[in-house]
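Trainee: I would like to learn how to read a model like this one. Could we take it feature by feature?

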Amino acid sequence: MTETASDLYEGLLNGDRRAAARLISMVENQDRSVRQVLRMLHQHAGRAHVVGLTGSPGAGKSTLACGLTKRYRDAGLAVGIICVDPTSPFTGGALLGDRVRMQELSGDPDVFIRSMGSRGALGGLSMATNDVINILDAFGKDFIIVETVGAGQVEVEIVKYAHTCVVVTMPGAGDEIQAIKAGILEIGDIFVVNKADRDGAHRTLADLEMMIETKPGGDDSAWRPPVIATKALDGEGIEELEDAIAQHADYLRESGLLGLKTEQRMKAELLEILNLKVSQAAARVLDEDEEGRELVRRMTARELDPHSAAEEVMEHLLKREVEKPGT
Ligand SMILES: Nc1nc2c(ncn2[C@@H]2O[C@H](COP(=O)(O)OP(=O)(O)O)[C@@H](O)[C@H]2O)c(=O)[nH]1
Ligand SMILES: [Mg+2]
């Protein structure tokens, strides 16, 4: 391990913001020396409550994140905010509004805000986000809010890493409700209808309540997702949201689901890393190994099908790992 990585590790545990920022950049830039630090961090993470905020662009996620953060800060809690938007790289104009909004928070040493674009992240955005969550967790944040645009698979994956998933919508978003129906209903622990100052808020609230009521398989959980109306701009409803998150955290603890969720997250994290490692190792076999190249030749000559070839590669990899332990 390089001197720098070790210094950054010490710095992070001692509450040095610069160290946290530097480590996150290293994750984003695929700097391999960050891995050693991530390994050591693992034992220090696991305290933070991770809140996922998902919903379509403009629903008010960033505004809500700010409102929540203010409340947590009033309670003396440290907060990390991670904005994940694969469509908008770090310098994207879409973040300008967020930046202005978050400016008043960013001077606070107990608030750490970071935006992540899709560029660079080794093994995908989901893995990088998870690494950043772990860094902020070890850094001592009590709450980590992860804001994602609720559209694609990546976002849904990221939300899996959250203890409490908040789905944000707004009045009149008819299509949006359909989208929620299509997948997000399953992942929401709490639903928020933001911009309750607008026409149609009652209707949207009622629609959502109805959908949750009639959700297939909804009865097998003791947690009934609340639907909360908020006016994030003037802070209305934020207290209710904060309470709902606290209640959900209690529910997770008391039901034993917290342990199960953590287990699931560890498994997902491990599988994601393995995915990357195995596919990289397989690519090396196919490119560099005589046996691997022979497999490709046989496939090309239609003597071997890809499924059988994959079996052979797996066998090859497993054999090689046994022969060379510790690689
Ligand atoms: N009318 C109204 N506008 C809001 C409310 N909350 C947020 N906004 C505005 O909606 C726009 C999008 O908010 P933002 O938090 O950036 O949404 P995000 O894309 O989901 O993060 C901004 O111009 C906000 O000022 C609200 O409760 N009522
Ligand atoms: Mg935003």
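Predicted model: local features only at pLDDT ≥ 70, side-chain atom pairs only at ≥ 80, totals over all residues.

Mentor: Start with Gln 30. Residues are numbered from 1 along each chain as its sequence is written, while chains are lettered from A and ligands numbered from 1 in the order in which they are written.

Trainee: Where is Gln 30 found?

Mentor: In the loop between helix H2 (17-28) and helix H3 (34-41). Helices (H or I, at least four residues) and strands (E, at least two) are DSSP runs, numbered from the N terminus. Now look at the backbone. Most residues other than glycine have a negative phi. Gln 30 has a positive phi, near 55°.

Trainee: Which value does phi of Lys 195 take?

Mentor: Lys 195 has a positive phi near 60°, and this residue is not a glycine. Lys 195 sits in the loop between strand S6 (190-193) and helix H9 (201-213). Is Lys 195 buried or exposed? Buried, with 25 C-beta neighbours inside 10 Å.

Trainee: What about the chain as a whole?

Mentor: The chain holds 13 helices and seven strands. Of its 327 residues, 37% count as buried. Next come contacts: two residues are in contact if their C-beta atoms, placed from the backbone, lie within 7 Å. Residues 24 or more positions apart account for 73% of them.

Trainee: How do I read a single helix?

Mentor: Check its length, then its surroundings. The expected span is 1.5 Å times one less than the number of residues. H4 (residues 61-74) has 14 residues and should span 20 Å, and its end C-alpha atoms are 20 Å apart, which agrees. In H4, 10 of the 14 residues are buried, so the helix is largely enclosed by the rest of the structure. Among the buried ones are Lys 61, Cys 66, Leu 68 and Tyr 72. Just after H4, Gly 76 takes a positive phi of about 80°.

Trainee: How many residues of H6 are buried?

Mentor: 14 of the 14, so H6 is largely enclosed by the rest of the structure. Helix H6 covers residues 125-138 and reaches 20 Å from its first C-alpha to its last, close to the 20 Å expected. Gly 140 follows H6, with a positive phi near 105°.

Trainee: How do I read two helices that meet?

Mentor: Compare their axes. Axes are lines fitted to C-alpha atoms, for helices over the stretch in contact, and angles run from 0 to 180 degrees between N-to-C directions. The axes of H4 and helix H10 (residues 238-255) come within 10 Å and cross at roughly 70°. That makes H4 roughly perpendicular to H10. Angles under 35 degrees count as roughly parallel, over 145 as roughly antiparallel, 65 to 115 as roughly perpendicular and the rest as oblique. H4 brings Gly 67, Leu 68 and Arg 71 to the contact, and H10 brings Ile 238, Glu 239, Leu 241 and Glu 242.

Trainee: Which residues are closest to ligand 1?

Mentor: Gly 60, Lys 61, Ser 62, Thr 63 and Ala 232, out of 17 that surround ligand 1. A residue is near a molecule or strand if its C-beta atom, placed from the backbone, lies within 6 Å of it. H4 and helix H5 (94-106) each give two or more residues to this shell. H4 gives the most, with three. The shell divides into four nonpolar, seven polar and six charged residues. Here Ala, Val, Leu, Ile, Met, Phe, Trp, Tyr, Cys and Pro count as nonpolar, Asp, Glu, Lys and Arg as charged, and the others, Gly among them, as polar.

Methods:
Buried ≥ 20, exposed ≤ 12 C-beta atoms within 10 Å, placed from the backbone.
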